[in-house]
Amino acid sequence: MTAKVALVTGASKGIGRAAAVALATHGRAVACGYGSDDAGAKETVRLIEEAGGTAAAFVADVGDHEAVAAMTAAVAEELGPPVIVVANAGMNKDGLAVRYDLEDWERMLRVNLTGAFTCIRAVLPHMMKARWGRIVTVSSAIALRGNAGQSVYGASKSGLVGMTRSLAKEYAARGITANVLCPGFVETEMTSGLPDKARRALDEGIPVGRVGTVDEIAAAIRFLASDDASYVNGAVLAVDGGLTA
């Protein structure tokens, strides 16, 4: 049986890389989408191949519908038609609303929200033909709770929730599910480099007492992209240690 093909955007590092590896270790051929980090994307592919999986890297600006269409066609040609999409590519630039540059607002929405829509739209015809598909958008706990200085980021990530839940209703009859993942604070170079006092305050603000790992987020993505999640549709899953409880 041919492996189902998954397209994971933002796969050159962090949650995207962990998700790509997790999907590959469960029998998916993975298209590792990335914007500019060529070395990072190649490292993700190397990790997958060393573990015995199948992967290839594909570059595209997710906000450019022509570039995404070309990338999707290349994925179908090299790996097979993608029927799983993990819309993970994103950016962040914090700032108070009163001083926020409108060009940064437009760029944030273009990457975080338009980018997800563009990738999903490109993959949907393959899902519809297969009468099977999995859409997973990676939002944020900020979409559920808000945070000072992140009104623009929150807007872009909240948009994913409304879009994905609507897609869940549009395509369920064709065997396609659409779900939203909302990660909380995750271990990164930034969080690991915090001063002890700031790190303790961060950990104490989370009911489980610590930040999450990218592998914990990836495990939830792997589930939502699996056959086991066939009756999970339109869900908004917070993986945040109880932060938004």
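## Helices and a loop in a predicted model

At 12% relative accessibility, S226 counts as buried, because the cut-off for buried is under 20%. The model is a predicted one.

Where does S226 sit? It lies in the loop between α9 (214–224) and β7 (236–239). Setting aside residues up to four places away in sequence, S226 touches R28 and R134.

S230 is found in the loop between α9 and β7 as well. With neighbours within four places in sequence left out, S230 is in contact with R134 and T177. S230 and R134 are 96 residues apart in sequence. In space, their C-alpha atoms are 8.9 Å apart.

**Helix α9**

Which residues of α9 are buried? They are I217, A218, A220, I221 and L224. These residues cover an arc of only 160 degrees around the axis, which puts them on the same side of α9. The cover over them includes α1, β4 (82–87), β5, β6 (176–183) and β7.

**Helix α2**

Helix α2 covers residues 38–50, which makes 13 residues. From its first C-alpha to its last, α2 reaches 18 Å. That is close to the 18 Å expected at 1.5 Å a residue.

G40, A41, T44, V45 and I48 are the buried residues here. Why do the buried residues of α2 line one face of the helix? Seen down the axis of α2, they fall within an arc of 140 degrees, so they share one face. They pack against α1 (14–24), β2 (29–34) and β3 (55–59). On the other side of α2, A39, K42 and E50 are exposed.

Just after α2 comes G52, with a positive phi of about 90 degrees.

Helix α4 runs through residues 102–130. Two helix pairs involve α4, and the table sets out their values.

| Helix pair | Axes come within | Crossing angle |
|---|---|---|
| α4 (102–130) and α6 (151–171) | 9 Å | roughly 20 degrees |
| α3 (65–78) and α4 | 9 Å | roughly 40 degrees |

The crossing is right-handed. On the α3 side, H65, V68, T72 and A76 make the contact. They meet T118, C119, R121, A122, V123 and H126 in α4.

The pair of α4 and α6 crosses at roughly 20 degrees. The cut-off for roughly parallel is under 35 degrees, and α4 and α6 are therefore roughly parallel to each other. Their crossing is right-handed. Residues of α4 in this contact include W105, M108, L109, N112 and L113. From α6, the partners include V152, Y153, A155, S156 and K157. Further along, the contact also takes in L124 and M128 of α4, and L167 and Y171 of α6.

**After α4**

R131 is found in the loop between α4 and β5 (133–138). What is the phi of R131? It is positive, about 55 degrees, although R131 is not a glycine. Most residues other than glycine have a negative phi.

Definitions and conventions: Residues are numbered from 1 along each chain as its sequence is written. This is a predicted model: local features need pLDDT of at least 70, side-chain atom pairs count only at pLDDT 80 or more; totals for chains, interfaces and linings use all residues. Side-chain values use heavy atoms; hydrogens and water are left out. Helices (H or I, at least four residues) and strands (E, at least two) are DSSP runs, numbered from the N terminus. The expected span of a helix is 1.5 Å times one less than its number of residues. Buried means under 20% relative accessible area, exposed over 50%, partly exposed in between (1.4 Å probe, protein chains only). The arc is that of the directions from the helix axis to the C-beta atoms. Contact means heavy atoms within 4.5 Å. Axes are lines fitted to C-alpha atoms, for helices over the stretch in contact, and angles run from 0 to 180 degrees between N-to-C directions. Angles under 35 degrees count as roughly parallel, over 145 as roughly antiparallel, 65 to 115 as roughly perpendicular and the rest as oblique. A crossing is left-handed if the near helix is turned anticlockwise from the far one by less than a right angle, and right-handed if clockwise.
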